[in-house]
Amino acid sequence: MRDACGRTIRYLRISVTDRCNYRCRYCMGEDGVSLHTHAQMLTFEEIAEIVAACAQLGIDKVRLTGGEPLVRRGIATLCAMLKGIPGISELTLTTNGSLLPLYASDLKAAGVDRLNISLDTLDPEKFRSITRVGTLSDVLDGLDAAERTGFLHTKLNVVLIGGFNNDEIGAFVEMTKDRALSVRFIELMPIGDTADWDAKHFLPSSAVLAAVPALERIDTDGVAVRYRVPGYVGTVGLIPPMSEKFCDRCNRIRLTADGKLKPCLHSAQEVSLKGLHKAELFQTLKLAIYNKPKEHHMDCLHPSGSVRRMYEIGG
């Protein structure tokens, strides 16, 4: 359906858990998070009912996120439930990749079409520092497992962080030379734990083009502008929510693990869906989508208006 601004909304991102096996510095505190109770979380049946209602309103793409979605018990069962809903043509999942050696085959069998893997550095020591508890080899093994299982066009999400990984831009681009990956550089956003970070950490996506002048623009993919080094197999995507706001073409809504619909990532606006069913659920969704905010007002001087941290919303 179309919202009040005329945008066609067809994409739903679902945070299936606020739990994660990492403690990334830009996402959550060192001591972890205040977790929701089991009773507060949406059940698989509730998620499926919401997705079915969204499909009736024109949503045809669903992405599962977290936290880390692979720590949610029975995640492959949920994937199969959602892929079987009439109208849902694409089911994808974002993960830190560390558990893919265990779950890639199950996800493929359940109907997951494509994976996004989050990876912000190729240096083992820096990886340990940014995640606090993670091991780089686990994620690289997960990427290999995804390829062996048959997942195609995997996207590698890299958050640009000045003073941390800007010296690795070239190395990430080189990953696309012989592999059909899409390495996507995402501008760091002042939300949650990064709201008070120094401005020097917020790099524009144009830093990628400056670091790798050989990149040539080819097309757009959703909110990403895609590039390729001539002769390379894979692509490079730039996602610039800070330097080039793309609210006018945003086609997504988000659902939190405790049942709140967020029409805009960077708005405090939330609509509770837990406990709603049938006509009441449908009408509440319809109104929330129609009233999706026109734009966010975030920049380096003004943090996100969201009242949640990223681990509660999903990437």
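Lys155 is buried, at 9% relative accessibility (buried means under 20% relative accessible area, exposed over 50%, partly exposed in between, with a 1.4 Å probe and protein chains only). Its side chain meets that of Asp221 in a salt bridge of 2.9 Å, N to O. Lys155 sits in strand S5 (residues 155-160) and Asp221 in strand S7 (residues 216-221), 66 residues apart. Asp221 is partly exposed, at 30%.

This is a predicted model: local features need pLDDT of at least 70, side-chain atom pairs count only at pLDDT 80 or more, and totals for chains, interfaces and linings use all residues. Residues are numbered from 1 along each chain as its sequence is written, and side-chain values use heavy atoms, without hydrogens and water.

The structure holds 13 salt bridges (a side-chain nitrogen of Lys or Arg within 4 Å of a carboxyl oxygen of Asp or Glu). Three of them are listed here.

| Pair | N to O distance |
|---|---|
| Arg10 and Asp60 | 2.7 Å |
| Lys155 and Asp221 | 2.9 Å |
| Glu295 and Lys245 | 3.5 Å |

Glu295 lies in the loop between helix H8 (278-290) and helix H9 (310-313), and Lys245 in the loop between strand S9 (235-239) and strand S10 (252-255), so the pair ties together parts 50 residues apart in sequence.

Arg184 is in strand S6 (residues 182-187). Arg184 is buried yet has no salt bridge; Asp221, the nearest side chain of opposite charge, is 4.9 Å away. The Arg184 side chain does make a polar contact with the side chain of Asn157, at 3.2 Å (a polar contact is a pair of N or O atoms within 3.5 Å; within protein, one must be able to donate a hydrogen and the other to accept it, and residues adjacent in sequence count only if both atoms are side-chain atoms).

Notes: Helix = DSSP H or I, 4+ residues; strand = E, 2+ residues; numbered from the N terminus. Lys, Arg positive; Asp, Glu negative; His and termini not counted.
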